[in-house]
Amino acid sequence: MKAVRVKNLEESTPITDSVHQAEALGAKAEAGIGTRLKDGFLFVAKRGLLAWVLLLVVWQIAATVMGGSFLPTPLKTLAGAQELIKSGTLQSDLLVSLFRILCGWLIGTIIAVPLGLVIGQFKIVRWLIEPLINFFRFVPAIGFLTLFLLWFGVGEVSKVALIIYATMFPIIINTISGVIAIDPLKIESAQSQGASKFQIFYSVVIPSSVPSIFTGVRLGLGGAIIAIVAAEMLAAQNGIGYLIYTSRLYYRTDWIFVGIFILGFIGFLSDTLLRLFGNVVLKKYGISDSRRTTK
Amino acid sequence: MTKISIELKHVSKRYQPASSLFKRKTSSPLVLKDINLMIPTGEFHVFLGQSGCGKSTLLNIIAGFLPKTGGEVLVNGSEVTEPGSDRGVVFQNADAAIFPWLTVEENVGYGLKMQHVSDKDRKPVVERSLNLVGLEEHADKYPYELSGGMKQRVQIARSIANDPSILILDEPFGALDAQTRRTMQNELIDIWQKTGKTILFVTHDIQEAAYLGQKISIFSRSPESHIAITIPVDRPYPRNVYSSENEQLVNTLNQYFEVGGPVK
């Protein structure tokens, strides 16, 4: 399936990435020019770079047709980024947003994981709390924004609280399902080795739930990024969301694009780091990178 | 007089159907009916029966995982009410039963750790258990690095480490290839002879029962399954599977196995 797709692409766009091909080819001197081109192409395509090359091409064409500030060209966007970096706005906005995301996400995780474990383990707690979770998880964090501003003020607390809220639901729900889905054989084998209920909880239930918890934490990070941008657009004096929102006042669409790419980078990089952490540190709990195993 | 390890008196089991607001409880048939059995200490006892005959249910009751409906289950003279480390259990599905986040060594030492045995006292026991199953070279590996047979060895070693009086094995070699299965059977006999533990071994494989059992209890078909007959096998180990005696035994077992006992 994948191979077929790659082949089709190869036929339709043979020239666009000749630069990348040339880079990748250096090592394979002994191979024929045809195979080398093909290898280089696959090298680029497999790593997802082809998609980016295509995007740039389409973007450039569209921007040329549209013209002006309606859709800035890639180069103009790059210039806008340099401008923002020179003035220091981009760095400070990025740091502010990162700080908010990290704080809210960490606190959210610290609250949500134990809560999910307890809800999953004890039926009575589940009866008490799960209905509320299944109701409020459909209320987007941004719905609480004005309320949080009233309660926690216009400072950092309200924004972090919003991220905590947004982070918690995916983590709680995934943790619960991890606890519930535990193989009864694992419990039985601990019981027949004389483990008490409490011992089983911390030495069997928690480790078995790690893959689900990890999935929840990853999803929570996505929720955190969505929530902070919305919050910064509506009620902040800095941050990437604020940058995107205020750029419209100056009609600086290039800055908007810079903000959008930065958000993408934050999400992509943080998730890549998390996945790496999962693959290396949590491997023994049964977390494996699906991308690598389905090759 | 020999000591009795497991004693079953008129044991019966009925799975209670789930009741709901709109559906009245209806009574389901008995899975096990009037099971009576005495297993002396140190015996290698095999439960043989077709799939779904209730032999695993009985084993789960003895292990303490399932409540019985009627009768008495005594292990070393006291009534079974819950699972305990006096009854080591080796499950068929090793992947589900051993802990993937612990190394082989940690898996084997798990029970002792839960009993608050110190690291220092735990180490020699774990080592001895690993030696017994030939896994001493693989102590630091994680389960995903092991083959199916090695995983079953881990299960056996961890049960032995807890020093149970009874070792319960539920079709432990069913998922292994024929050659590995024979090796494991021989090793189990070896372990049994070295440790002198009572072994309760469940299988639906007639050849396996004939190869292993000192006594073989054949279960009748469900529902209302019971032990049709208990056949003593007075032959030394390792047994020759090609001997006429073995053929005769397998034939006898086959008769009972297929009709669930001689036609009444």
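Mentor: Start with helix H3 of chain B. Its buried residues pack against helix H10 (184–191) and helix H11 (197–234) of chain A, together with helix H4 (119–133) and H5 of chain B. Keep in mind that this is a predicted model.

Trainee: What makes helix H3 (residues 104–114) of chain B largely enclosed?

Mentor: Count the buried residues. Eight of the 11 residues are buried, so the helix is largely enclosed by the rest of the structure. Among them are Val104(B), Tyr110(B), Leu112(B) and Met114(B). Just after H3(B) comes His116(B), with a positive phi of about 60°.

Trainee: Why is the contact between Lys151(B) and Asp95(B) called a salt bridge?

Mentor: The cut-off is 4 Å between a side-chain nitrogen of Lys or Arg and a carboxyl oxygen of Asp or Glu. The closest N and O atoms of Lys151(B) and Asp95(B) are 2.6 Å apart. That is within 4 Å, so the pair qualifies. The pair links distant parts of the chain: Lys151(B) is in helix H5 (residues 148–161) and Asp95(B) in helix H2 (residues 94–97), 56 residues apart.

Trainee: What ties parts 34 residues apart in sequence together in chain B?

Mentor: A salt bridge between the side chains of Asp163(B) and Lys197(B), at 2.7 Å from N to O. Asp163(B) lies in the loop between H5 and strand E7 (166–170), and Lys197(B) in the loop between helix H6 (178–195) and strand E8 (198–203), so the pair ties those parts together. Asp163(B) is exposed at 56%. Lys197(B) is buried at 10%.

Trainee: How do you know that Asp254(A) is buried?

Mentor: Its relative accessibility is 1%. The limit for buried is under 20%, so the label holds. Asp254(A) also forms a salt bridge with Arg252(A), with the closest N and O atoms 2.8 Å apart. Glu83(A), Arg252(A) and Asp254(A) are linked in a network of salt bridges. Over all chains, a search of the whole structure finds 18 salt bridges.

Trainee: What does UniProt list for residues 94–278 of chain A?

Mentor: The unreviewed entry gives "domain: ABC transmembrane type-1" for residues 94–278. Over that range the chain is 84% helix and 0% strand. The end C-alpha atoms are 25 Å apart.

Technical notes:
Residues are numbered from 1 along each chain as its sequence is written. Chains are lettered from A and ligands numbered from 1 in the order in which they are written. This is a predicted model: local features need pLDDT of at least 70, side-chain atom pairs count only at pLDDT 80 or more; totals for chains, interfaces and linings use all residues. Side-chain values use heavy atoms; hydrogens and water are left out. UniProt positions are given in the numbering used here, feature names are shortened, and annotations may be inferred rather than shown by experiment. Helices (H or I, at least four residues) and strands (E, at least two) are DSSP runs, numbered from the N terminus. Buried means under 20% relative accessible area, exposed over 50%, partly exposed in between (1.4 Å probe, protein chains only). Contact means heavy atoms within 4.5 Å.
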